[in-house]
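Let's look at this structure together, one question at a time. Keep the picture open beside you as you read.

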Amino acid sequence: MEKLRIHITSSISSRELWHKVKKAFGTPTSNPISALCVNGQTTSSLKGIANTIGSTLANTSNSKNYNREMLNHKMKTEKKKLNFNSRSDYSYNCNFTFQEFQACLSKVHRSSPGPDNISYIMLLYLTTESQTNLLYLFNRIWNEQSFPSSWQEEIIIPIPKPGKDITNPLNYRPIALTSCLCKLLEKMINRRLTHFLETKNLLSPFQSGFRKGRSTLDNILALETDIRLAFLQRKHLVAIYFDIEKAYDRTWRYGILKDLYDSNLRENLPIFIENFLRLRKFRIRLASEMSDYFIQEEGVPQGSILSVTLFILKINNVLNQLPLSVKGYSKMALAPLNPKQPTNRKGLLIRRRLVHFLYRDEHELYPASITDYNK
């Protein structure tokens, strides 16, 4: 706690002192939610509000929300057991080194602790001997392919969405607090996973988000280039933007594992992810009140280090659904057209392919906007 004491002096007020203490331990200082209204019934107790939001989030990740085509596809596909066992040795499955451990620990943010109340600050100020022992524990989990059940739990802090009706439980953004120990191991595993995906060229070159050396600015520049080129060639350019509703909450878990399997990942790495995604549960925290436990049936965990990489891997095949004449970027498709071609017809064809793929593969689509950049 040395880092914390630096900011506390004899002149600090008791109110500010307790605010810092609560912030260090992830304790909320106030509760902005006074009541929720569902189906004409109002809930005002903290426990009732917490359970209502928890039930809403659990329902969002329920596979019953999938459309009929997706449910049939899911039922048929999941009959095949994915066997990640292998007799071969792969470099990405070797023991983690102390150098990897320290490299990931040095990049952690001072975020709030999860259900175990172990914070990153505690881990940063461990002695070298204690950190070595922790690394030994991580390697045991890695090699024995066992996953602590407490790491499958998370605490959700609901944050009201700006400008939305706060009495509607759907209008809250979940901020997840998960185990910092688990997140540290996730960082180490994610480095190996992203290295594998990048070196094997398994990710679309048009996927710019959450990748080293890339940013969404790349896609913006690509859009500007295509617009200018369309002007010069006296063509139309149809741009389709799409957004995925409840993207993390509804991602098909078996689909993620199948993508890992099809990428020829075997043994420790995919088995860790398989255990990581299994039996996820959460509780809602409002002030000092905790909800009952709820199950997250599908989706990737909010606030997880691995979730971002697993999500972009899952949507990687979206761009393969587009015609060869269409340039596909993450959440954007561009189609250059001759002036005599009907832009709406071409745009609707592209949109139909995207919608069909995303509906079949576990995602709902926000209404896509079609923009025609004409000369």
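Q: Is Asn-201 buried, partly exposed or exposed?
A: This is a predicted model, and the values here are computed from it. Asn-201 lies in the loop between α8 and α9, and its relative accessible area is 65%. The cut-off for exposed is over 50%, so Asn-201 counts as exposed.

Q: Where does Asn-117 lie, and is it buried, partly exposed or exposed?
A: Asn-117 is another non-glycine residue with a positive phi, here about 60 degrees. You can find Asn-117 in the loop between α5 and α6. Its relative accessibility is 43%, which falls between the limits of 20% and 50%, so Asn-117 counts as partly exposed.

Q: How are helices α11 and α13 oriented to each other?
A: Two packed helices are described by the angle between their axes and the distance between the axes. For α11 (residues 253-262) and α13 (residues 305-314), the axes are 9 Å apart and the angle is about 80 degrees. Angles of 65 to 115 degrees count as roughly perpendicular, so α11 and α13 are roughly perpendicular.

Q: Which residues of α13 meet α11, and how many residues of the contact are nonpolar?
A: On the α11 side, the contact is made by Gly-255, Ile-256, Asp-259 and Leu-260. Their partners in α13 are Leu-310, Leu-313 and Lys-314. The residues of this contact include one polar and two charged, and the nonpolar ones number four.

Q: How is the ring pair of Tyr-90 and Tyr-92 classed?
A: The whole structure holds 15 aromatic pairs. In the pair of Tyr-90 and Tyr-92, the ring centres are 5.3 Å apart and the planes are at 10 degrees. Planes under 30 degrees apart count as stacked, so this pair of Tyr-90 and Tyr-92 is stacked.

Q: Which residue's charged end sits over the ring of Tyr-261?
A: Look for a charged end 3.8 Å from the centre of the Tyr-261 ring. It belongs to Arg-266.

How values were computed:
Residues are numbered from 1 along each chain as its sequence is written. This is a predicted model: local features need pLDDT of at least 70, side-chain atom pairs count only at pLDDT 80 or more; totals for chains, interfaces and linings use all residues. Side-chain values use heavy atoms; hydrogens and water are left out. Axes are lines fitted to C-alpha atoms, for helices over the stretch in contact, and angles run from 0 to 180 degrees between N-to-C directions. Helices (H or I, at least four residues) and strands (E, at least two) are DSSP runs, numbered from the N terminus. Angles under 35 degrees count as roughly parallel, over 145 as roughly antiparallel, 65 to 115 as roughly perpendicular and the rest as oblique. Contact means heavy atoms within 4.5 Å. Ala, Val, Leu, Ile, Met, Phe, Trp, Tyr, Cys and Pro count as nonpolar, Asp, Glu, Lys and Arg as charged, and the others, Gly among them, as polar. Rings of Phe, Tyr and Trp (its six-membered ring) pair if their centres lie within 6.5 Å; planes under 30 degrees apart count as stacked, over 60 as edge-to-face and the rest as tilted. A charge sits over a ring if NZ of Lys or CZ of Arg is within 6 Å of the ring centre and within 35 degrees of the ring normal. Buried means under 20% relative accessible area, exposed over 50%, partly exposed in between (1.4 Å probe, protein chains only).
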